[in-house]
Amino acid sequence: MPSLHSSPFMDKSVFLSLLRHTSKRPKPSSSGGGGGGGGGLLKMFKLFPMLSSGCKMVALLGRPRKPLLKDHATTGTIFGYRKGRVSLAIQEDPHCLPIFIIELPMHTAALNKEMASDILRIALESETKTHKKKLMEEFVWAVYCNGRKIGYSIRRKQISDDELHVMQHLRGVSMGAGVLPSPASEKDNLDGELTYMRARFERVVGSKDSEALYMINPDGAAGPEFSIFFVRSQ
């Protein structure tokens, strides 16, 4: 596992208040994306949301002095059926099993609406009072999307067959969005097509109780923000 960069401790209240900030910015011109359908997921990839250099969260957490190499970046994948719930998988490498996987308490259609704001911030807060586990080893999470609490989820201890199907099909994909073939047993699935969006993220550790993932821009172009935050109650 690649070494992580540390930075000063970040107060939880500051963390959550920042997530509630959803000021809009002018929309940039779209860039090329992945193939296939995917609705809002494809739109998100075509715009290729990236963290702006002036993001206040970066100032709080602190950026590494040297940028991470793309080959060492964390891989994040959002996927789910059009009429079903979306899942989030975090991998250290696209060829490895996820180090963190969870089904979020929101449907794909709701996620697509959030993407329309050009800012997507997903925050997971563990309300545990003990610190015997590493942050991403916690099981129960309160989930926020763009500052609004949308419910609770439990991190999976073992990957499901459907999730394994997605990871296997995306082993050679570092970034992109589109539609995946459904598992053989689910070809007549009533939840619609299986869509995905995958990108590389810079992982920044604020403390043992806070981490953040920031989408990496491969070409330096500005765009909407997509960030994932993990925080544990004090």
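A salt bridge is defined here as a side-chain nitrogen of Lys or Arg within 4 Å of a carboxyl oxygen of Asp or Glu. The model is predicted, so that local features need pLDDT of at least 70 and side-chain atom pairs count only at pLDDT 80 or more, whereas totals for chains, interfaces and linings use all residues. Residues are numbered from 1 along each chain as its sequence is written, and side-chain values use heavy atoms, with hydrogens and water left out.

A search of the whole structure finds nine salt bridges. One of them joins Glu138 to Arg232, with the closest N and O atoms 2.8 Å apart. This pair links distant parts of the chain, Glu138 being in the loop between β4 and β5 and Arg232 in strand β10 (residues 225–232), 94 residues apart. Helices (H or I, at least four residues) and strands (E, at least two) are DSSP runs numbered from the N terminus. A residue is called buried under 20% relative accessible area, exposed over 50%, and partly exposed in between (1.4 Å probe, protein chains only). By this criterion Glu138 is buried, at 6% relative accessibility, and Arg232 is buried at 2%.

Arg232 also forms a salt bridge with Asp209, for which the closest N and O atoms are 2.7 Å apart. Asp209 lies in the loop between β8 (194–207) and β9 (210–215) and Arg232 in strand β10, so this pair ties together parts that are 23 residues apart in sequence. Both Asp209 and Arg232 are buried. Through shared partners, salt bridges join Glu138, Lys208, Asp209 and Arg232 into one network.

The side chains of Glu138 and Arg232 are also joined by a polar contact of 2.8 Å. A polar contact is a pair of N or O atoms within 3.5 Å; within protein, one must be able to donate a hydrogen and the other to accept it, and residues adjacent in sequence count only if both atoms are side-chain atoms. With residues up to four places away in sequence not counted, Glu138 touches Ser126, Thr128, Thr130, Lys133, Arg155 and Arg232, where contact means heavy atoms within 4.5 Å. A polar contact of 2.7 Å joins the side chains of Arg121 and Glu225. Arg121 is found in strand β4 and is buried, with a relative accessible area of 8%.

A further salt bridge is formed by Lys149 and Glu127, whose closest N and O atoms are 4.0 Å apart. Lys149 lies in strand β6 and Glu127 in the loop between β4 (119–126) and β5 (140–145), so the pair ties together parts that are 22 residues apart in sequence. Lys149 is partly exposed, at 42% relative accessibility, and Glu127 is partly exposed at 40%.

Strand β6 (residues 148–154) also contains Ile154, which is exposed, with a relative accessible area of 58%. Together with Val140 and Tyr152, Ile154 forms a nonpolar patch on the surface, the three having about 310 Å² of accessible area together. Patches are made of residues with over 30% relative accessible area and no salt bridge; like charges are joined within 9 Å, and nonpolar side chains (Val, Leu, Ile, Met, Phe, Trp, Tyr) within 5 Å. Accessible areas come from the Shrake-Rupley method with a 1.4 Å probe, and for residues only the protein chains shown count as cover.

Strands β1 and β2 pair in the antiparallel sense over six bridges and form a hairpin with three residues between them. Two strands are taken to pair if DSSP finds at least two bridges between them. Thr75 stands opposite Gln91 in β2. Strands β2 and β3 likewise pair in the antiparallel sense, over five bridges, and the bridge partner of Arg85 in β3 is His107. Strand β2 is mostly covered, six of its seven residues being buried.

In helix α5 (residues 161–169), the residues Glu163, His165, Val166 and Met167 are buried. The cover over the buried residues of α5 includes β1 (74–81), β2 (85–91), β3 (100–107), β7 (176–180) and β8.

Asp118 has a positive phi of about 70 degrees although it is not a glycine; Asp118 lies in the loop between α4 (108–115) and β4 and is buried, at 5% relative accessibility. Asn146, also not a glycine, has a positive phi of about 50 degrees. Asn146 is found in the loop between β5 and β6 and counts as buried at 5% relative accessibility.
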